[in-house]
Amino acid sequence: MSARRAIPAVGQILSALGLQDLPRPIVTQLVRQHLAQLRLAERATPFDKILCDLRAALDHLARTRLQPLINGTGVILHTNFGRAPLSPAATRAVGAIALSYNNLEYDLETGGRGKRGAFLETSLALLCGSEAATVVNNCAAALVLIVRHFTRRKPEVIISRGELVQIGGGFRIGEIITASGARLREVGATNKTNLEDYADAIGSESGLILRVHQSNFFMGGFTAAPPNDELAKLAHARRVPFAVDLGSGALVPTEKFGLAEHEPTPDETLKVGADLVCFSGDKLFGGPQAGIIAGKSRLVAALKREPLFRALRCDKLVFAALEATADAHLRKAWDEIPVLTLLRTPVEQLRARAEILVRQRETAELGLRVVESEAEIGGGALPRSVIPSIALEFSSTTFSPNELAFRFRRAGIIGYIAKSAFRLDLRTIFPAQDDRLIEVLTQIVIPSECEGPRKRPVGPQRR
């Protein structure tokens with residue numbers, strides 16, 4: 001019998017696979033593609049091997065679905081993991097709005113069309129100490145909108161060379177600005193930019209002075225940059241708008257959480273003369289992905305009249321989550337915001353949890369012990385700040401660090417490798433997830449069906 005004739009039919013494979021968590025059309029399509037590859041290769045493959053390969057492929061595809069993870073990396077605002085987790089109040093608000101119709105653009109007083117996001121904008125303006133505020137779908141969108149508006153007639157954006165930063169995914173501030181249709185006017189040097197550099201650059205083509213906070217890196221040594229108040233005075237004297245991209249958007253002074261590094265807040269930046277600020281909603285603000293813009297009311301109103309604003313606006317679910325998060329900030333209920341709670345958790349509390357976990361599941365196969373570690377803010381915020389933390393370290397004699405990382409990943413738990421050992425940092429693991437962690441620790445040494453020897457990379461080590 002030829003190799004082609006030995007290949008089973010699609011229906012036979014589907015019957016043997018049984019019920020799957022994926023929609024039936026997706027399973028069928030994957031089976032057809034796999035069998036087509038076997039026919040092209042004209043290779044005889046045992047039926048059991050075909051089933052194992054398909055189960056592995058289906059399992060891999062299922063894992064690409066959006067799903068909850070346990071973050072044991074110690075990086076609090078992990079961009080790959082969706083940055084800030086939402087508060088229980090925010091998730092309840094999202095659920096309530098998602099399950100029903102709502103007054104997104106409906107005035108309950110007049111019965112006519114209402115103003116989108118009116119309550120949220122009032123709350124954000126109050127939090128930022130600004131005349132007005134609005135939101136778009138992320139901070140890059142906020143920057144695009146601001147640049148696009150102010151450079152319609154005067155195309156130049158004046159920015160220091162030391163602030164042409166690269167953000168996640170390879171996107172660069174300079175490229176975002178030019179993609180908005182503006183022209184860059186770089187001033188100063190990488191390490192030193194003086195007020196005179198800005199003054200000399202201002203001309204008839206200057207549409208905006210932009211400052212981009214170096215939130216995801218720092219420079220030391222022979223460096224200089226004019227403070228915001230001096231730059232604001234110059235901008236106002238020369239009648240050029242002055243905007244500041246704050247990036248991480250800390251509304252609460254970071255010193256309140258024991259961090260030595262200060263992150264500028266929207267309130268203090270606007271008070272010294274900035275016309276507009278923008279920042280992310282899913283970083284230190286602790287909400288969903290959004291770009292928050294705050295500043296002078298006439299400028300915010302002008303941005304909202306831009307045709308591009310409609311393409312960048314947020315939906316009802318983002319509004320719901322932002323409202324709930326802003327409410328917590330207004331009440332100073334920072335313990336209700338998960339990101340701020342993770343920052344404030346005492347090391348002693350983490351150590352107590354770790355010791356309980358070790359007592360419940362220490363085996364020779366895992367080599368589990370409690371070690372001191374350092375967590376990070378992540379998400380392009382406070383790059384010099386490290387936070388004392390506690391981690392579970394696995395010095396297994398049975399599994400390599402890479403193998404342990406792979407097995408935990410399959411269970412939705414992500415850690416990192418340090419000092420030739422796999423670790424899970426408890427600062428970014430919520431106490432409510434400890435039971436799931438115990439469950440996985442019990443199962444982690446059991447091989448899965450069709451599992452053979454594996455050599456899987458774990459990606460870059462955290463430190």
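**Aromatic cluster, central sheet and helix packing**

In this predicted model, F394, F408 and F422 are joined by ring pairs into a cluster. A search of the whole structure returns three aromatic pairs. The pair formed by F408 and F422 is classed as stacked, because the ring centres lie 5.1 Å apart and the ring planes stand at 20 degrees, under the limit of 30 degrees that applies to stacking. F408 belongs to helix 17 (residues 401-410) and F422 to strand 13 (residues 421-425), so that the pair ties together parts of the chain 14 residues apart in sequence. F408 has a relative accessibility of 0% and therefore counts as buried, and F422, with a relative accessible area of 1%, is likewise buried.

An open sheet is built from seven strands, which follow the order 2-8-7-6-5-3-4 with mixed pairing. Its edges are formed by strand 2 (132-136) and strand 4 (183-187), each of which pairs on one side only. From one strand to the next, the twist averages 25 degrees. Helix 6 (residues 118-128) packs on this sheet, where it touches strand 2, strand 7 and strand 8, and the direction of the helix makes about 115 degrees with that of strand 2.

With strand 6 (residues 242-247), by contrast, strand 7 pairs in the parallel sense over four bridges, and here A243 stands opposite L276 of strand 7. Strand 7 is largely enclosed by the rest of the structure, because five of its five residues are buried. Both of its faces are covered, with L276, C278 and S280 buried on one side and V277 and F279 buried on the other. L276, placed in strand 7, is buried with a relative accessible area of 0%. The C-alpha atoms of L276 and F242 are 6.8 Å apart in space, although the two residues are 34 residues apart in sequence.

Helix 6 also meets helix 14 (residues 316-330), and the axes of the two helices come within 10 Å and cross at roughly 35 degrees. The crossing of helix 6 with helix 14 is left-handed. On the side of helix 6 the contact is made by F119, L120, S123, L126 and L127, whereas helix 14 contributes F319, L322, E323, A326, D327, H329 and L330. By class, the residues of this contact comprise eight nonpolar, two polar and two charged residues.

E121 is also located in helix 6. With a relative accessible area of 10%, E121 falls under the 20% limit and therefore counts as buried. Apart from residues up to four places away in sequence, E121 touches K115, R116, A133, T134 and K304. The C-alpha atoms of E121 and R359 are separated by 49 Å, and the two residues lie 238 residues apart along the chain.

Methods:
Residues are numbered from 1 along each chain as its sequence is written. This is a predicted model: local features need pLDDT of at least 70, side-chain atom pairs count only at pLDDT 80 or more; totals for chains, interfaces and linings use all residues. Side-chain values use heavy atoms; hydrogens and water are left out. Two strands pair if DSSP finds at least two bridges between them. Axes are lines fitted to C-alpha atoms, for helices over the stretch in contact, and angles run from 0 to 180 degrees between N-to-C directions. Contact means heavy atoms within 4.5 Å. Rings of Phe, Tyr and Trp (its six-membered ring) pair if their centres lie within 6.5 Å; planes under 30 degrees apart count as stacked, over 60 as edge-to-face and the rest as tilted. Buried means under 20% relative accessible area, exposed over 50%, partly exposed in between (1.4 Å probe, protein chains only). A crossing is left-handed if the near helix is turned anticlockwise from the far one by less than a right angle, and right-handed if clockwise. Ala, Val, Leu, Ile, Met, Phe, Trp, Tyr, Cys and Pro count as nonpolar, Asp, Glu, Lys and Arg as charged, and the others, Gly among them, as polar.
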